[in-house]
Amino acid sequence: MARDIRIRKSGWASRLRSGLLADKLPVTLCMAALMGLAGALATVVFRELLGWTQMLLGGGDVPHGMVSLARGLDPWQRFLMPAAGGAIAGIILQTAARWLPRRGAADYMEAISIGRGVIGFRQTVARSLSSIFSIGSGASIGREGPMVQLAAMCSSLAGRYLVLPPRHLRLLVACGATAGITAAYNAPIAGALFISEIVYGVISSATLVPLAVASVVANIVTRQILHYDAVFHMPHFEFVSGWEVINYLGLGLIAGLAAPQFLRFLDISRAAFGRLPFPLWARMTVGGLIVGALSVLNPEVWGNGYSVVNSMLHTQWAWQAVAAILLLKTLATAASVGSGAVGGVFTPTLFVGAALGALYGTGLHGMFPAGGLSAVSSYAVVGMGALLAATTYAPLMSILMIFEMTLSYEVMLPLMLACMTGYVVAQRIRPDSVYAKSLAGNRLEQRVLAKENGHGK
């Protein structure tokens, strides 16, 4: 009732709400642009807060990523810092769960796919604060998940202020989430397709057009106005000859076989941590200790792995070094994810794909030393897309994301073949994607929501 009164008192809000409810395309697109702006700014705030946290941990110096920060610490500091950050992050989550009543969906995917578009403000802020401590202290997870959640929450607040019904509110949340993905990866096309292909499960003009507008605005804000750099600095892609597609077909097959095992390992880790007779903060401390112990062996397990992937793409690594960091990084990611740290696995998946592609390319060069093969970095690039497709079950989004990152048309043919192959093989082995739990919901819930939105029969 109070919100209805506010709407009546605010003329512009009333007109905006009326236009959205009438499905007027110009009004919808203007609102999508506003959500793109708000979502981009939300990711900027999170990124800056995380940067300040890293600066404090680095003793006042701004480190060039988590790996640089880890290398500047003594071994005992690398061992203890992830545990300390995990303990603080766990205490924040436990306190929020005890004192803050849950309102709405806990995840933006749930809010869009089967929810009503309501994302709780206080819970999201608490989870974001927790993730800053986890990620800022070295947890092997991506920062993009919390960034997208914050962006989606801003859109949810705007829609709730306008007292929008679930169908319209979910679209606004989807626009915010698209803006968050675009701002995180500088991939506007893939950002829109991520929500369409994975969350909505269907690509239609009714949703894709507003998502594209939000994506474009977010990209302009972060890339053109604020001058944020690209996440990965892709090398020139080499595609030597047509027969080499057979090699990329093999890479897609390997990615399709590896992806279900990677996801299964993460599930095993979650189950193992869940059986520990400890409170959440203690489990997250244990996860931090595991990451810390691994970082004593190799500091490159810290963080989301951006700098390590960029190093693989631009320098020649020995296969032993690639295999070692792949193993250690997988263990660190499983420890972070399994213990309950708030963060995404999208970026660690790209890391694993790049390492698999680099190992595969190095092996081919060892078998055929005479030449006639693409550079190892080219296989690493395609490996990123192939494993992404094999874990998300969104091959079109994966293809376009790597294409936007490389801006090379030559990558398309091997990338399409590897992504489709990885997707088909992985889906045969494991029916559920990495986002299956976030998108879980029975058909009854979906039918009820459809009837409430005026689409039931």
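Helices here are DSSP runs of at least four residues, numbered from the N terminus. By that numbering, Y393 sits in the loop between α17 and α18 (395-406). The model is predicted.

**View 1**
The phi of Y393 is about 60°, although Y393 is not a glycine. Most residues other than glycine have a negative phi. Y393 is buried, because its relative accessible area is 12% and the cut-off for buried is under 20%. The loop that holds Y393 runs between α17 and α18.

**View 1**
Is N186 buried or exposed? N186 counts as buried, at 9% relative accessibility.

Beyond residues up to four places away in sequence, Y185 touches E144, V231, Y306, F346, T347, L350, M401 and M405. One of these partners, E144, returns in the view of the R143 salt bridge.

**View 2. Helix α2 and its buried side.**
Helix α2 spans residues 11-21. Its buried residues are A13, L16, G19 and L20. These four lie on the same side of α2, because they cover an arc of only 130° around the axis. D23 follows α2 and has a positive phi, near 60°.

**View 3. A nonpolar patch on the surface.**
Seen here are L34, L37, L41, V216, I220, I225 and L226. Together these residues have about 580 Å² of accessible area. Two elements give two or more residues each: α3 (25-57) and α11 (205-225). I225 belongs to helix α11. I225 counts as exposed, because its relative accessibility is 53% and the cut-off for exposed is over 50%.

**View 4. S134 and its contacts.**
S134 is part of helix α7 (residues 121-136). Its relative accessible area is 3%, so S134 is buried. Which residues does S134 contact, leaving aside neighbours within four places in sequence? They are G85, A89, A139, M284 and A341.

**View 5. F265 on helix α12.**
Helix α12 covers residues 245-274 and includes F265. F265 is partly exposed, with a relative accessible area of 31%. Its contacts are T330, L331 and A334, not counting residues up to four places away in sequence. For orientation, the C-alpha atoms of F265 and L80 are 25 Å apart. In sequence, F265 and L80 are 185 residues apart.

**View 6. The R71–E300 salt bridge.**
Side chains of opposite charge can pair when their charged atoms come close. The model has four salt bridges, counted with a cut-off of 4 Å. In one of them, R71 pairs with E300, and the closest N and O atoms are 2.6 Å apart. R71 lies in helix α4 (residues 66-71) and E300 in the loop between α13 (280-297) and α14 (306-314), so the pair ties together parts 229 residues apart in sequence. What is the relative accessibility of R71? The value is 52%, so R71 counts as exposed. E300 is buried, with a relative accessible area of 13%.

**View 7. The E144–R143 salt bridge.**
The side chains of E144 and R143 meet here, at 3.7 Å from N to O. Both E144 and R143 are buried. E144 is also among the contacts of Y185.

R430 and D267 meet through their side chains, at 2.8 Å from N to O. The pair links distant parts of the chain, 163 residues apart. R430 lies in the loop between α19 (412-429) and α20 (443-452), and D267 in helix α12. R430 is buried, with a relative accessible area of 18%. D267 is partly exposed, at 24% relative accessible area. Salt bridges that share partners join D267, R270 and R430 into one network.

How values were computed. Residues numbered from 1 in each chain as written. Predicted model: local features only at pLDDT ≥ 70, side-chain atom pairs only at ≥ 80, totals over all residues. Heavy atoms only, no water. Contact = heavy atoms within 4.5 Å. Patch = residues over 30% accessible without salt bridge, like charges linked within 9 Å, V, L, I, M, F, W, Y side chains within 5 Å. Areas by Shrake-Rupley, 256 points an atom, 1.4 Å probe, with all protein chains shown as cover. Buried < 20%, exposed > 50% of the residue type's maximum accessible area, 1.4 Å probe, protein only. Arc of directions from axis to C-beta.
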